[in-house]
Amino acid sequence: MKKIILFCILLSGVAFAQNSPKIEFKAKDNTIDYGNVYKDEDSGIRVFEFTNTGDAPLIIKDVRSTCGCTVPSKPSNPILPGKSDKIEVKYNMNPGPIRKTITVETNAVNVEEGRVTLSIKGEVLVRPTTSPLEKKKTNPMQ
């Protein structure tokens, strides 16, 4: 019995001694809110910053979006412990509401199956255009 207990203690010590990467994003709830933006005044690019809070290199294996209107880019090199990096997301600024999800696959141990879900939200507006032929109102009461 003593041998079994000793074996379990040693096994748990080995498990805790293993190096493991961890990922922590700066954005609250892993979401970036574009707010109300105008199509012709905004590039649609936003950045999700993160840090490897673990004690082993963090590898971003893949970054995917739910549709082709949102294009994410990922770091190509491992992120060392204590270092930070970013995932850039470009939305194509189609007028209307923004509700998109980006899935990040990593070797991080602090998230289920190494996957993190990021979100972007907001609304893309188009400024109304006035025709030069349209009669201008001079009296605000008209």
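Modeller: Let us begin with a term: a residue counts as buried when its relative accessible area is under 20%. The model discussed here is predicted.

Colleague: How should I read that term for F25 and F48: are they buried or exposed?

Modeller: Both F25 and F48 are buried by that cut-off. For the chain as a whole, 29% of its 142 residues are buried.

Colleague: Which residues of the largest nonpolar core touch the most other members?

Modeller: The general idea is that nonpolar side chains tend to be buried together in soluble globular proteins. In this model, the largest nonpolar core holds 25 residues, and F48, I87 and I120 touch the most other members. Two or more core residues come from each of β1 (23-25), β2 (31-38), β3 (45-52), β4 (60-65), β6 (84-91), β7 (96-106) and β8 (115-125). The largest contribution is that of β8, with four residues.

Colleague: Which residues does F48 touch, not counting those up to four places away in sequence?

Modeller: With that exclusion, F48 touches F25, A27, N30, T31, I32, D85, K86, I87, V89, L118, S119 and I120.

Colleague: How many aromatic pairs are there, and how is a pair such as F25 and F48 described?

Modeller: The angle between ring planes decides the description: over 60 degrees counts as edge-to-face, under 30 as stacked, and the rest as tilted. The count here is three aromatic pairs. F25 and F48 are edge-to-face, at 6.5 Å centre to centre with 85° between the planes. This pair links distant parts of the chain, since F25 lies in strand β1 and F48 in strand β3, 23 residues apart. F25 and F50 form a tilted pair, at 5.4 Å centre to centre with 50° between the planes. This pair, too, links distant parts of the chain, with F25 in β1 and F50 in β3, 25 residues apart. F50 is buried, as is F25. Ring pairs join F25, F48 and F50 into a cluster.

Colleague: What is the strand order in the open sheet of four strands, and which are its edge strands?

Modeller: The order is β2-β8-β7-β4, with mixed pairing. An edge strand pairs on one side only, and here the edge strands are β2 and β4. From one strand to the next, the twist averages 15°. β4 pairs with β7 in the antiparallel sense over five bridges. D62 stands opposite E105 in β7.

Key:
Residues are numbered from 1 along each chain as its sequence is written. This is a predicted model: local features need pLDDT of at least 70, side-chain atom pairs count only at pLDDT 80 or more; totals for chains, interfaces and linings use all residues. Side-chain values use heavy atoms; hydrogens and water are left out. A nonpolar core is a set of buried Ala, Val, Leu, Ile, Met, Phe, Trp, Tyr and Cys residues joined through side-chain atoms within 4.5 Å. Buried means under 20% relative accessible area, exposed over 50%, partly exposed in between (1.4 Å probe, protein chains only). Contact means heavy atoms within 4.5 Å. Two strands pair if DSSP finds at least two bridges between them. Axes are lines fitted to C-alpha atoms, for helices over the stretch in contact, and angles run from 0 to 180 degrees between N-to-C directions. Rings of Phe, Tyr and Trp (its six-membered ring) pair if their centres lie within 6.5 Å; planes under 30 degrees apart count as stacked, over 60 as edge-to-face and the rest as tilted.
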